[in-house]
2 protein chains.
Amino acid sequence: MPTLLLDKNTVNGLLDMKTVIGAVEQAFRDWTEGAGTMPAKSYLLLGRGDFRAMPAALPGGAGVKWVNVHPQNRDRGLPTVMAVIVYSDPETGYPLAVMDATGITAFRTGATAAIAAKHLARPDSHTMGIIGAGRQSYTQIAAHSEVFRIDLIKVYDVVPEAVERLINAFPQFKVTACPLAEVAACDIVCTLTPARTPVFKTEWLRPGTHINAIGADAEGKEELEPGVLKRAIVVVDDLRQATTSGEINVPISLGLYSSKEVQATLGEIVTHRKPGRTDPQAITIFDSTGVAIEDIAIAKLVYDQAKNGDHPAMELV
Amino acid sequence: MPTLLLDKNTVNGLLDMKTVIGAVEQAFRDWTEGAGTMPAKSYLLLGRGDFRAMPAALPGGAGVKWVNVHPQNRDRGLPTVMAVIVYSDPETGYPLAVMDATGITAFRTGATAAIAAKHLARPDSHTMGIIGAGRQSYTQIAAHSEVFRIDLIKVYDVVPEAVERLINAFPQFKVTACPLAEVAACDIVCTLTPARTPVFKTEWLRPGTHINAIGADAEGKEELEPGVLKRAIVVVDDLRQATTSGEINVPISLGLYSSKEVQATLGEIVTHRKPGRTDPQAITIFDSTGVAIEDIAIAKLVYDQAKNGDHPAMELV
């Protein structure tokens with residue numbers, strides 16, 4: 001039995017945001033109901049960057065994502081983040097496919113935020129704020145527009161060219177450059193920066209807002225002033241990871257916030273084990289750190305579509 | 001830049017035991033001296049088997065091994081253990097190669113035991129005992145015969161055909177089937193069973209013996225009676241792993257042994273930070289659980305040889 005070899009173009013060609021959102025939501029459901037297995041991700045911190053090994057198993061599929069973050073790669077003309085998934089049959093352990101997971105990583109982050117917003121934001125949300133117009137912003141827009149009728153997207157970035165590129169990439173939407181305070185006033189706000197000093201001020205907070213806090217994924221990173229958290233219903237993807245490396249990590253380490261104040265995990269929300277938004281005036285926040293079940297759920301989607309196609313393969317093991 | 005794709009035959013064709021021993025010993029040295037990075041391996045325990053994600057970085061190379069153990073695979077005509085390594089450039093994170101690591105896994109276990117024996121066994125050791133004549137026994141013989149002048153190998157297995165196969169595989173050595181007590185009386189004894197009840201009795205122990213305890217790699221597994229451990233100088237590959245899943249795990253959980261009784265790690269022995277054997281009459285034990293630096297050191301060897309050759313490759317990421 002050969003192992004499928006699925007390169008970036010092949011994988012990206014098989015990714016459909018609507019289907020991805022369904023698969024990732026099902027993965028959170030399965031995991032919460034005990035049908036998934038996921039140990040903590042492992043970090044290798046090296047001189048010029050880091051690697052993360054992210055294994056998980058879901059019904060029908062298991063695998064590991066191996067992903068790096070090397071900030072200086074831009075100077076070399078290489079992507080900062082590159083990811084590979086080895087995807088295996090949980091029944092036999094056989095490696096069914098090796099696939100690029102760079103696109104999967106971007107898609108799953110957008111999909112998971114949109115799933116959180118679907119359950120936590122006001123259903124009539126129609127304006128979207130983007131703080132940080134980098135790579136992540138594209139899949140955030142793609143994902144949220146599958147779930148909401150977004151008619152206005154307000155964007156802020158310290159680099160005006162990044163905003164310009166985003167505006168040009170979505171001619172089908174009304175996307176406009178705005179000051180931070182205006183972006184923060186949207187129905188759904190996605191923070192997508194590598195900030196270590198909060199970019200979202202408490203004074204900008206409006207009743208009814210939902211915030212996807214995506215940028216903080218390591219100790220010391222923080223995008224929201226702690227006052228924003230204190231006034232919100234906070235949902236995390238994984239409590240342990242959020243506590244050590246998510247949006248809540250800095251306020252917790254400063255004694256300004258406690259992990260006990262977290263309302264629920266996303267899995268508890270999508271399985272209706274715990275309530276999310278209580279009323280239209282509530283502030284809700286999803287603290288996203290990224291978990292391997294998201295990646296493996298999409299790897300399964302990709303493999304299931306690719307296995308009957310005409311793709312390179314080899315007897316690897 | 002393409003990613004090399006190295007299948008089982010290619011990898012196995014590039015593995016040379018003498019070189020592997022040198023690379024793995026250097027990896028233990030590097031790791032102990034702070035030039036390597038290795039988080040704990042992650043386990044995924046599923047219904048029909050398990051997976052382990054084993055990431056590590058060494059000078060010049062980083063990667064993750066993704067390996068399964070599915071005992072029922074034999075009935076399906078598939079190997080019980082299959083392993084894949086994604087091998088990356090630590091400077092950029094680029095995935096340089098995806099390679100079969102099933103052979104690497106077998107080679108590194110033999111190589112590491114031989115390195116332990118080189119530092120712990122009597123230098124004039126010339127008889128080798130094999131308890132358990134499965135796949136691992138082949139690389140144990142190959143590795144130890146690179147380091148010692150082995151002139152007699154005594155073998156025991158519950159399956160006589162397994163002993164017969166091993167004898168036939170090494171016509172260049174004198175290999176004979178023996179009762180357990182005789183095998184245990186060799187200069188160097190390798191225990192290679194999945195036992196959960198000790199197979200090596202204290203009464204068989206002879207002064208001067210070195211034992212490589214390889215089989216125990218999960219909670220509840222145990223090959224040596226606790227009395228054997230109590231009389232020995234014990235060296236482990238990784239203290240945390242050995243305590244939870246190595247040969248010492250059951251005696252520790254029963255209160256018969258303490259991790260404080262462990263003399264040293266293999267890295268401390270090979271860098272001469274701690275002494276090993278004290279005199280020719282001492283009993284020494286190496287408790288092997290398997291660590292990712294062994295695999296990544298060999299992956300680097302394989303990649304460095306393969307990169308200038310004519311092998312399949314693709315633009316994966």
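Helix 12 (residues 292–306) of chain A lies across strand 1 (3–6), strand 3 (50–58), strand 4, strand 5 and strand 6 of chain A. Helix 12 runs at about 65 degrees to strand 3 of chain A. Axes here are lines fitted to C-alpha atoms, for helices over the stretch in contact, and angles run from 0 to 180 degrees between N-to-C directions. Helices (H or I, at least four residues) and strands (E, at least two) are DSSP runs, numbered from the N terminus. The model is predicted: local features need pLDDT of at least 70, side-chain atom pairs count only at pLDDT 80 or more, and totals for chains, interfaces and linings use all residues. Residues are numbered from 1 along each chain as its sequence is written, while chains are lettered from A and ligands numbered from 1 in the order in which they are written.

Now the sheet itself. In chain A, seven strands form an open sheet in the order 2-3-4-5-6-1-15, with mixed pairing. Two strands pair if DSSP finds at least two bridges between them. Strand 2 (42–45) and strand 15 (313–314) of chain A stand at the edges. Each has a single partner strand, so one side of each is left without a neighbour in the sheet. Further in, strand 4 (residues 61–69) and strand 5 (residues 81–88) of chain A run antiparallel, joined by eight bridges.

Next, the helix pairs. Two packed helices are described by the angle between their axes and the distance between the axes. Helix 4 and helix 12 of chain A pack at about 115 degrees, with their axes 9 Å apart. They are therefore roughly perpendicular to each other (the class covers 65 to 115 degrees; under 35 is roughly parallel, over 145 roughly antiparallel, the rest oblique). The contact takes A:Ile104, A:Thr105, A:Phe107, A:Arg108 and A:Thr112 from helix 4 of chain A, and A:Glu294, A:Asp295, A:Ile298 and A:Ala299 from helix 12 of chain A. Residues are in contact if their C-beta atoms, placed from the backbone, lie within 7 Å.

Helix 4 of chain A has another partner. The axes of helix 2 (residues 17–32) and helix 4 (residues 102–120) of chain A come within 9 Å and cross at roughly 70 degrees. On the helix 2 side, the contact residues are A:Met17, A:Val20, A:Ile21, A:Val24 and A:Glu25. Helix 4 of chain A supplies residues including A:Ala111, A:Ala114 and A:Ile115. This contact divides into eight nonpolar, one polar and two charged residues. Ala, Val, Leu, Ile, Met, Phe, Trp, Tyr, Cys and Pro count as nonpolar, Asp, Glu, Lys and Arg as charged, and the others, Gly among them, as polar.

Finally, the two chains. Between the chains, 42 residues of chain A are in contact with 42 of chain B. Strand 2, strand 3, strand 4, helix 3 (73–76), strand 5 and strand 6 of chain A each give two or more residues to this side.

Terms used:
Two residues are in contact if their C-beta atoms, placed from the backbone, lie within 7 Å.
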